[in-house]
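Okay, thanks for coming, everyone. Let me put the model up on the screen and then walk you through it.

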Amino acid sequence: MVRIAAAGDLHASEATRERVERAFATVAAEADVILLAGDLTTTGEPEQAHVVADACRELDVPVYAVLGNHDFHAGRTDELTAIVEAGSVHVLDRSWRTCDIAGLELGIVGAKGFIGGFPGSALPDFGEPLMREVYAETTRESESIAKGLQAIVHCDLRIVLLHYAPIQATVEGEPEGIHLMLGSDRLATPIAEYGADLVLHGHAHAGSFEGCIGKIPVYNVAVHVTGRDFWIFDLEGARGRSEAHVDGPAG
């Protein structure tokens with residue numbers, strides 16, 4: 001069994017330093033791995049990234065993260081990434097990592113994801129070059145998910161970590177007029193094709209907690225949705241890719 005602590009949309013800043021450090025210290029005693037679903041910072045400033053880095057630096061459990069739209073706001077993502085990685089956070093940017101936990105090989109595919117909407121209100125690959133570039137950016141994110149899932153096919157448990165939502169079910173509760181800006185079902189296509197045991201995202205603060213891609217569970221772990229600093233999931237698996245079951249939350 002692997003115990004996963006997940007959170008999205010920390011929006012860390014110096015003003016929240018004490019709460020952030022306390023939350024990480026507490027959950028590290030309960031979890032085998034920590035996953036952060038983007039928006040680590042409030043506005044993407046390097047000094048805000050130091051808050052996350054300082055909270056994670058001395059932890060005894062691995063921490064993996066993707067960036068979110070807030071982290072891009074200041075246009076300093078290279079600095080932000082370097083700071084949090086110096087604090088022992090593994091930032092996944094259209095990439096993947098594996099680690100051994102409790103005798104199981106865990107594979108994590110991480111991508112920011114992007115916008116585009118869902119059936120009935122989806123952005124097409126048509127029109128002005130700028131709009132088509134938005135479509136192309138989502139394509140690149142989707143392709144990276146596919147590549148990552150193929151790379152970790154051998155793992156006993158596989159997780160996809162995103163910021164933007166891959167399904168409409170977990171953005172329900174947000175105004176319909178902004179669903180297009182909260183994610184894209186095109187991110188779900190490679191997950192449905194190549195399979196995963198768990199999908200996590202954030203971003204939709206007023207969205208819903210749970211949905212699925214076929215039989216694959218999808219959770220919106222934005223702290224505004226979960227109402228807690230971290231949500232803990234227990235994943236059961238065995239060598240050779242037996243079925244995984246999400247028992248969380250624990251406690």
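So, strand 5 and strand 6 run antiparallel, and seven bridges join them. Strands here are DSSP E runs of at least two residues, helices are H or I runs of at least four, and both are numbered from the N terminus. Two strands count as paired if DSSP finds at least two bridges between them. One of the bridge pairs is I101 with L104 in strand 6.

Before I go on, this is a predicted model: local features need pLDDT of at least 70, side-chain atom pairs count only at pLDDT 80 or more, and totals for chains, interfaces and linings use all residues. Residues are numbered from 1 along each chain as its sequence is written, and side-chain values use heavy atoms, with hydrogens and water left out.

Back to that hairpin. It has two residues between the strands, and A102 takes a positive phi near 55 degrees there, although A102 is not a glycine. Is A102 buried or exposed? At 57% relative accessibility, A102 counts as exposed. The cut-offs are under 20% relative accessible area for buried, over 50% for exposed, and partly exposed in between, with a 1.4 Å probe and protein chains only.

R94 also has a positive phi of about 55 degrees without being a glycine. You'll find R94 in the loop between strand 4 (89–91) and strand 5, and R94 is partly exposed at 28%.

Contact means heavy atoms within 4.5 Å.

On to the cores. A nonpolar core here is a set of buried Ala, Val, Leu, Ile, Met, Phe, Trp, Tyr and Cys residues joined through side-chain atoms within 4.5 Å. The largest one has 31 residues, and F24, I34, L36 and F230 touch the most other members. Helix 2 gives the most to this core, with six residues. If you click on L36, its contacts beyond four places in sequence include F24, V63, L161 and F230. Apart from that core lies another, of 24 residues, among them V2, L104, I108 and V221.

Next, the aromatics. How many aromatic pairs does the structure hold? Six. Rings of Phe, Tyr and Trp (its six-membered ring) pair if their centres lie within 6.5 Å; planes under 30 degrees apart are stacked, over 60 edge-to-face, and the rest tilted.

Take F114 and Y164: the ring centres are 5.8 Å apart and the planes are at 75 degrees, so that pair is edge-to-face. The two residues are 50 residues apart, with F114 in the loop between strand 6 (104–110) and strand 7 (117–118), and Y164 in the loop between strand 9 (157–161) and helix 6 (188–194). F114 is buried at 18%, and Y164 is buried at 6%.

Then there's F209 with W231, where the centres are 4.6 Å apart and the planes are at 45 degrees, so the pair is tilted. F209 is partly exposed at 22%, whereas W231 is buried at 11%. Together with Y219 and F233, these two form one aromatic cluster.

Over at Y135, the charged end of R186 sits 3.6 Å from the centre of the ring. That call needs NZ of Lys or CZ of Arg within 6 Å of the ring centre and within 35 degrees of the ring normal.
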